[in-house]
Amino acid sequence: MVKHIILWQLDNELSQQEKDQVKAEIKQGLEGLIGQIPGLLDIHVHTDGMDSSNADLMLDSSFTDEEALKGYAVHPEHVKVADAKVRPYTKLRVCMDYRTDS
């Protein structure tokens with residue numbers, strides 16, 4: 001299994017109300033991909049970080065293998081969500097992909 005973890009910081013220009021709306025739309029869009037992308041086993045977007053966090057939201061997803069992760073990256077449904085709901089509103093993206101025994 002392969003884990004795909006992303007942390008994002010939202011643009012500073014967004015008001016708190018706008019940030020809350022963007023986070024909700026990102027969560028809905030990405031979690032809505034389950035069942036649409038081959039090899040995507042699990043996907044969760046966490047939007048309620050503690051005050052000690054320096055990221056606004058986190059994607060935690062699992063794939064059957066590295067090929068499934070590569071397919072996800074270019075899958076039209078994922079690209080649609082990323083282009084419309086994520087990229088226009090984020091200033092920083094940090095990613096870590098790793099293999100797990102589970």
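**Figure 1. Lysine K23, a buried charge in the predicted model.** K23 is buried yet takes part in no salt bridge. In this predicted model, the nearest side chain of opposite charge belongs to D20, at 4.3 Å. A salt bridge requires a side-chain nitrogen of Lys or Arg within 4 Å of a carboxyl oxygen of Asp or Glu, so the cut-off is given here for reference. K23 is placed in helix α1. Its side chain reaches the backbone oxygen of T47, with a distance of 3.2 Å. Leaving out residues up to four places away in sequence, K23 touches L10, T47, D56 and L57.

**Figure 2. Overall arrangement of the protein.** Three helices and four strands make up the secondary structure. Read from the N terminus, the order of these elements is β-α-β-β-α-α-β. The radius of gyration is 14 Å, close to the 13 Å that the globule rule gives for 102 residues, so the protein is as compact as a globular protein of that length. Taken along the principal axes, the C-alpha atoms fill a box of roughly 40 × 30 × 20 Å. Buried residues account for 36% of the 102 residues. Among contacts between residues at least 6 apart in sequence, 68% join residues that are at least 24 apart.

**Figure 3. The largest nonpolar core.** This core holds 21 residues, and the members that touch the most others are W8, I26, L30, L33, L59, F63 and Y72. At least two core residues come from each of β1 (2-10), α1 (16-31), β2 (40-46), β3 (57-63), α2 (66-74) and α3 (76-86). Strand β1 gives the most, with four residues.

**Figure 4. Surroundings of the core residue W8.** W8 is one of the residues that touch the most other members of the largest nonpolar core. With its neighbours within four places in sequence set aside, W8 is in contact with I26, L30, A55, D56, L57, L59, V86, T90, L92 and R93. Of these partners, I26, L30 and L59 are also listed among the core members that touch the most others. The view also includes N54, which is placed in the loop between β2 and β3. N54 is exposed, with a relative accessible area of 65%. The C-alpha atoms of N54 and W8 are 9.1 Å apart in space, while the two residues are 46 residues apart in sequence.

**Figure 5. The salt bridge between E31 and K27 in helix α1.** The whole structure contains six salt bridges, and this view shows the one that joins the side chains of E31 and K27, at 2.9 Å from N to O. Both residues lie in helix α1, four residues apart, which is about one turn of the helix. E31 is partly exposed, with a relative accessible area of 23%. K27 is likewise partly exposed, at 30%.

**Figure 6. The salt bridge between E66 and R99.** E66 forms a salt bridge with R99, and their closest N and O atoms are 2.5 Å apart. Because E66 lies in helix α2 and R99 in strand β4, the pair ties together parts that are 33 residues apart in sequence. E66 counts as partly exposed, at 36% relative accessibility, whereas R99 counts as exposed, at 62%.

**Figure 7. The salt bridge between E77 and K80 in helix α3.** The side chains of E77 and K80 meet in a salt bridge, with 3.3 Å from N to O. Both residues are in helix α3, three residues apart, or about one turn of the helix. E77 is partly exposed, having a relative accessible area of 27%.

**Figure 8. D101 and its position relative to V2.** D101 is found in the segment after β4 (90-99). At 85% relative accessibility, D101 counts as exposed. Along the chain D101 and V2 are 99 residues apart, and their C-alpha atoms are separated by 8.8 Å.

Key:
Residues numbered from 1 in each chain as written. Predicted model: local features only at pLDDT ≥ 70, side-chain atom pairs only at ≥ 80, totals over all residues. Heavy atoms only, no water. Core = buried A, V, L, I, M, F, W, Y, C linked by side-chain atoms within 4.5 Å. Buried < 20%, exposed > 50% of the residue type's maximum accessible area, 1.4 Å probe, protein only. Contact = heavy atoms within 4.5 Å. Lys, Arg positive; Asp, Glu negative; His and termini not counted. Polar contact = N/O pair within 3.5 Å; in protein donor to acceptor, adjacent residues only side chain to side chain. Rg over C-alpha atoms; globule rule 2.2 N^0.38 Å.
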